[in-house]
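Look over the sequence and the fold first, then read the points below.

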Amino acid sequence: MPPRIPCLGPEALPESLRALDEGRIINLFKVLAHAPNAVEPIARVAAALLASGGLDPVDRELVILTCATRYESAYEWAQHIPLSRAAGVTDTQRAAVRDGDHDASVFSPAQRGLLAFAAAAADRPEVSDAVYAGASRHYDDEQLVETLILVGFYFLVARVSTVVGLEIDAPEGEDVLRMARLMSAG
């Protein structure tokens, strides 16, 4: 699908965002610039989720990739291939997530519980007691809430990308992580 809403140029973004990326602002923020009061707070949430948190970076990326598949977002998936690679997610783990095989042997028992939890939260408003127990055996309250925030945040990213036909512009993972760390420090 051709883009329904055009990306704005970097000049439409707040200076705080333009200063971070040396001219390489991802298309998501170029479209979100159409909502000038929201783009910076959304970018700060993204930075906080990527730069630090209670989840291990591999687990975080597995959750995000799970969201990308559940929400059918090619943009989200493409953005997180290099990010997940930089975090340490393997090609076989990405393939299992893409195939919806959260019980694959490439995942630890903890990751299997986490991915089932994330997938269930993405698919419906409540998760079963069994799914919750499977995740809470391995992850504390901070990590479970962070997972739910990831699920909600990446729903936002997915819907913006799928509804407006956002053009994929996957940058290198280390660049995005560097920008996220700078933003969350500021």
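**Helix 4 and its surroundings**

Helix 4 covers residues 57-70, which is 14 residues. From its first C-alpha to its last it reaches 20 Å, close to the 20 Å expected at 1.5 Å a residue. The model is predicted.

**Burial and ends of helix 4**
- Helix 4 is largely enclosed by the rest of the structure, because 11 of its 14 residues are buried.
- At the start of the helix, a side-chain oxygen of aspartate 56 comes to within 2.9 Å of the backbone nitrogen of valine 58.
- Just after helix 4, glutamate 72 has a positive phi of about 55°.

**Asparagine 27**
- Asparagine 27 sits in helix 2, which spans residues 27-32.
- Its relative accessibility is 8%, so asparagine 27 counts as buried.
- A polar atom of the asparagine 27 side chain lies 2.9 Å from the backbone oxygen of glutamate 167.
- Leaving out residues up to four places away in sequence, asparagine 27 touches Cys7, Tyr75, Leu166, Glu167 and Asp169.

**The whole chain**
- The protein chain has 10 helices and zero strands.
- Of its 186 residues, 46% are buried.
- Take the contacts between residues at least 6 apart in sequence: 70% of them join residues at least 24 apart.
- The chain exposes about 8,900 Å², and carbon and sulfur atoms supply 55% of that area.

Methods: Residues numbered from 1 in each chain as written. Predicted model: local features only at pLDDT ≥ 70, side-chain atom pairs only at ≥ 80, totals over all residues. Heavy atoms only, no water. Helix = DSSP H or I, 4+ residues; strand = E, 2+ residues; numbered from the N terminus. Buried < 20%, exposed > 50% of the residue type's maximum accessible area, 1.4 Å probe, protein only. Polar contact = N/O pair within 3.5 Å; in protein donor to acceptor, adjacent residues only side chain to side chain. Contact = heavy atoms within 4.5 Å. Expected span 1.5 Å × (residues − 1). Areas by Shrake-Rupley, 256 points an atom, 1.4 Å probe, with all protein chains shown as cover.
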